[in-house]
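Okay, everyone, thanks for coming. Let me put this one up on the screen and walk you through it.

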Amino acid sequence: MTGFDYEVDVAVVGGGACGLMAALRAARDPGLVVAVYEKSTKEGCNTQFSSGSLAAGGTRFQREAGIDDSPERHAADILAVNRDPDSAPIVHALCRVAPRYVEWLADELGHPVEIGVDMARSGQSVPRLHTDTGRAGGGRLVATLRKAVESADNIAFVDNTPGVGLIAETAGGRVRVTGVEVLENGERRRVGAKAVVLAADGFGNNPTMLAEYCPQAVGAFYGGVSTSTGDAISWGIGLGAAVRNMGAYLGHGLVVPGHGTRLNPVLPFLGALLVGVDGRRFVDEKAQGYSKLGRIIAGQPTGRAVLIWDERMHEIAMNSELMRESAAAGAFARYGSAAELAAAFSLPEQALAETLAAFRAVSVVEDPSGFDHGPLEFPLLAAWVTHGILTTQGGLVVDTTGRVRHRDGGPIANLYAGGGSACGISGPSAEGYMSGNGLLSALGFGWIIGDHLAGGGLKAA
Ligand SMILES: Cc1cc2nc3c(=O)[nH]c(=O)nc-3n(C[C@H](O)[C@H](O)[C@H](O)COP(=O)(O)OP(=O)(O)OC[C@H]3O[C@@H](n4cnc5c(N)ncnc54)[C@H](O)[C@@H]3O)c2cc1C
């Protein structure tokens, strides 16, 4: 290779879950020099701001808790929700590696993993979300991965150094990536690489791309990081890469307006109810994933609703960083009567009282077939909720090894993508997201791509 400022074997663009995992797995080959270019750790990555909930089917954590699950069952649940049968090969590939990397995070990196038996989510036929003990969220996951990267001799983590474009050539009608341009200390540098891994997440913070691909999300509360500007997806499109599911995004229906915090999505599954500004229920709370719920709440007259829950649910729901943040922000309060609650939210008192009197709190967390706790008991807790967008889920089309495909069907040589930069497994809209899909695509593709490169894939790329 010529015309480069310097050369590495593997250049990773983006230092979130996907990029860190890809680097760690590729660097298991001590002969490879890996560089991770990160736009800004100060701005942060979505992995860091996530709940760090890892969906995996068939782990030893589940077996120890008596939960019968498998990668196949996990894949079947995702495909039933995403309504995207064409995604089946990558859904299966990701679900196959998920239990392996969850156990590896615990056993090799010392990440404190537990199975969230109290984390029921729509569409998940068994408890499948793994979390850190103490529920500190994604910040702890990123700390675990970064610590491992720091101790790897053959990985350079280069912060405040955004990728600004791909270097490629066309020979015999085929496009081949030969490196990446980065902005190092304000200077454009040409880095030669045998493989480039695009792990720069999606375009949730790019208003132009959002308006083009996800018009429904325009104007919704944005709960992701500023760095998600769709850079990698745009470069791929520029090279002729195919894109898919560009209208897909991870929405949220339990964002507290005015605070920007979120309520624990387990609340509806514990028996919480949603009422509209008319004081009436408008949805089967348990039948919706929180992403789809966002679309339903967006359709309410004011784009808002009130979530109501009781002390028993609250005690369980507080076991999450989301609820602790909401509590610290003063995002919810307690109310001693229907009249007090109606007054606080300007709801019609009579309608609200009737709704509460008719409601029975059924929890599917303690008992999947539904445990009827009967009527709600005061004091009740309540908060306004609205819809938001956390991350986009569509992007560059990849095969089951994470190789980016050209619009003509063939691979773009030496180019890989995962996480929010790839086409995702959540179907074409906000309705196909199942809890855990985001980090599954990020860590799963990071694992697959890194293993492929360490296992001789560089020669084949
Ligand atoms: C609030 C919130 C909660 C969530 N909760 C969960 C959850 O519990 N479970 C789950 O599975 N998913 C969850 N998600 C989704 C999940 O966080 C994302 O899908 C996942 O983190 C994406 O990982 P990634 O590695 O692709 O991107 P990121 O983790 O965002 O990392 C991308 C990195 O690329 C960097 N970057 C961007 N552009 C460039 C560039 N040009 N050059 C260099 N670097 C660049 C960014 O700075 C960033 O560090 C949540 C998302 C949000 C926002």
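Predicted model: local features only at pLDDT ≥ 70, side-chain atom pairs only at ≥ 80, totals over all residues.

As for salt bridges across the interface of domain 1 and domain 2, the count is 0. Polar contacts do turn up, though: 11 residue pairs between domain 1 and domain 2, with both residues at pLDDT 80 or more.

Okay, stepping back to the layout. Domain 1 comes in two stretches of the chain, 6-248 and 393-460, while domain 2 covers 250-389. Their centres, taken over C-alpha atoms, are 32 Å apart.

Now, the ligand. Which residues come nearest to the ligand? There are 39 residues around it, and the nearest are E38, T47, D201, D231 and L439.

Let's zoom in on a few atoms. D231 has a polar side-chain atom 2.7 Å from a nitrogen of the ligand. Over at L439, a polar backbone atom lies 2.7 Å from a ligand oxygen. And at G436, a backbone N or O atom is 3.1 Å from an oxygen atom of the ligand.

So how much of the ligand does the protein bury? Taken alone, the ligand exposes 1,000 Å², and 98% of that is buried by the protein.

That's my tour, so over to you.

Definitions and conventions:
Residues numbered from 1 in each chain as written. Heavy atoms only, no water. Domains from an automatic or database assignment. Salt bridge = Lys/Arg side-chain N within 4 Å of Asp/Glu carboxyl O. Polar contact = N/O pair within 3.5 Å; in protein donor to acceptor, adjacent residues only side chain to side chain. Near = heavy atom within 4 Å. Areas by Shrake-Rupley, 256 points an atom, 1.4 Å probe, with all protein chains shown as cover.
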